[in-house]
Amino acid sequence: MSIKAQGLTRSFGEVRALNGVNLDLAPGRVYGLVGPNGSGKTTLLLILAGLLAPDSGSAQINGYDIMTDSANARAQLGWMPDDFGMWDSLTCTEILETFARFYHLPEAMIPQRVHELLEMAGLLEKATMPVSSLSRGQKQRLGFARVIIQNPAVLLLDEPTNGMDPRSRMRLRDQLRAYARAGATVVVSSHVLSELEGMIDEPVMINQGRNVALPQSTGVRWMVRASNPQQLAQWAQSIGLAFEFQMHNGREYFLCTLRSEEDAPRLLQDLTQAGISVLEFQAATNQLEAAFLNLEGSDD
Ligand SMILES: Nc1ncnc2c1ncn2[C@@H]1O[C@H](COP(=O)(O)OP(=O)(O)OP(=O)(O)O)[C@@H](O)[C@H]1O
């Protein structure tokens, strides 16, 4: 496991931000750190990044203890806070060169690495422009390039999609997935849960400073819109299928629960055989969002 944590706690005065968090995160995967406002996500990421000491508990990055072996632990890490500073008067190239030197990349390799990263970030035309001239989304992309400059084994990103337009978000999603496929462990926190759904392999949920187990799936909700809802309701009653109707954007949707999405093709086949003309047929909820909303104390 490349990120491990045992019983991390941290208080700020009276506020218990972390109350015994445990982690066991594997390489090659993208994890989504999910929890309501104030649940401790940033505190946890700061501790893992070696920037904040826990009150108790321990954590290891690729086997290096973050407290007793912090230099080695930090060398494994790329850390991207939600609001990171940049030296605004430096150019994009200069920023990346500076960070390459911080991480002791051999001088001869630096120009090529910087070029590669600017290309990846879609910022080649901005290479000689000062950072102050970049948009927020472009700064985020430069920030991500900066974070992976030394090819870290572990990436920690706090709300990285803040301020990104949809195209930049998709680019980041693809980059994170590719980065994990190459063997890294990626942890990304976000409130935009629907974005995480396509980005992550596994959610890590915390609430009130503690791990929260994901509720066991009790099936998937499926929604169907038919040209004749009455006919659909009669058919469902005739076969004993539990259902309800819900209105969405002025349209009436039939909702039922399937054991798994493997049952969906069969349902569609049965509907067609029953002569029901189906206009829409899809999974009803964003499962991650539903789990998040179930968290006690969620105030989002
Ligand atoms: N430096 C600090 N001083 C005092 N209290 C703090 C400090 N940092 C965090 N806290 C408190 O600790 C709790 C957890 O905060 P944290 O920022 O880790 O949550 P979060 O899950 O990242 O929240 P959000 O989603 O709103 O960013 C909150 O109650 C917060 O007010």
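A: I206 stands opposite N211, a residue of strand β10. Two strands are involved here: β9 (residues 202-207) and β10 (residues 210-212). Three bridges join β9 to β10, and the two run antiparallel. They form a hairpin with two residues between the strands. Q208 takes a positive phi there, near 50 degrees.

Some ground rules come next. The model is predicted: local features need pLDDT of at least 70, side-chain atom pairs count only at pLDDT 80 or more, and totals for chains, interfaces and linings use all residues. Residue numbers start from 1 along each chain, as its sequence is written. Helices (H or I, at least four residues) and strands (E, at least two) are DSSP runs, numbered from the N terminus. Two strands pair if DSSP finds at least two bridges between them.

Now follow β9 to another partner. Strand β3 (residues 30-34) is joined to β9 by four bridges. This pair runs parallel. Y31 stands opposite E202 in β9.

Step back to the whole sheet. Six strands form an open sheet, in the order β6-β7-β8-β3-β9-β10, with mixed pairing. Its edge strands are β6 (77-80) and β10, and each of these pairs on one side only. From one strand to the next, the twist averages 20 degrees. Axes are lines fitted to C-alpha atoms, for helices over the stretch in contact, and angles run from 0 to 180 degrees between N-to-C directions.

Go to the β6 end. Four bridges join β6 to β7 (residues 154-158), and these strands run parallel. G78 stands opposite L155 in β7.

Helix α1 (residues 41-48) packs on the sheet. It touches β3, β7, β8 (185-189) and β9. The direction of α1 makes about 150 degrees with that of β7. Two residues are in contact if their C-beta atoms, placed from the backbone, lie within 7 Å. Helix α5 (residues 136-147) lies across β6 and β7, and runs at about 165 degrees to β6.

Which elements each supply at least two residues of the shell around the ligand? The answer is β2 (15-25) and α1. α1 gives the most, with three residues. The residues around the ligand are F12, V15, A17, G35, N37, G38, S39, G40, K41, T42 and T43. By class, the shell has three nonpolar, seven polar and one charged residues. Ala, Val, Leu, Ile, Met, Phe, Trp, Tyr, Cys and Pro count as nonpolar, Asp, Glu, Lys and Arg as charged, and the others, Gly among them, as polar.

C92 lies in helix α3 (residues 92-102). Leaving aside neighbours within four places in sequence, C92 is in contact with several residues, including L118, M129, V131 and L142. C92 and L142 are 50 residues apart along the chain, yet their C-alpha atoms are separated by 7.3 Å. Is C92 buried or exposed? C92 is buried, because 29 other C-beta atoms lie within 10 Å. The cut-offs are 20 or more such atoms within 10 Å for buried, 12 or fewer for exposed, and partly exposed in between, with C-beta atoms placed from the backbone. For contrast, G240 sits in the loop between α8 (229-239) and β12 (244-248). G240 counts as exposed, because it has 6 C-beta neighbours inside 10 Å.

Conventions: A residue is near a molecule or strand if its C-beta atom, placed from the backbone, lies within 6 Å of it.
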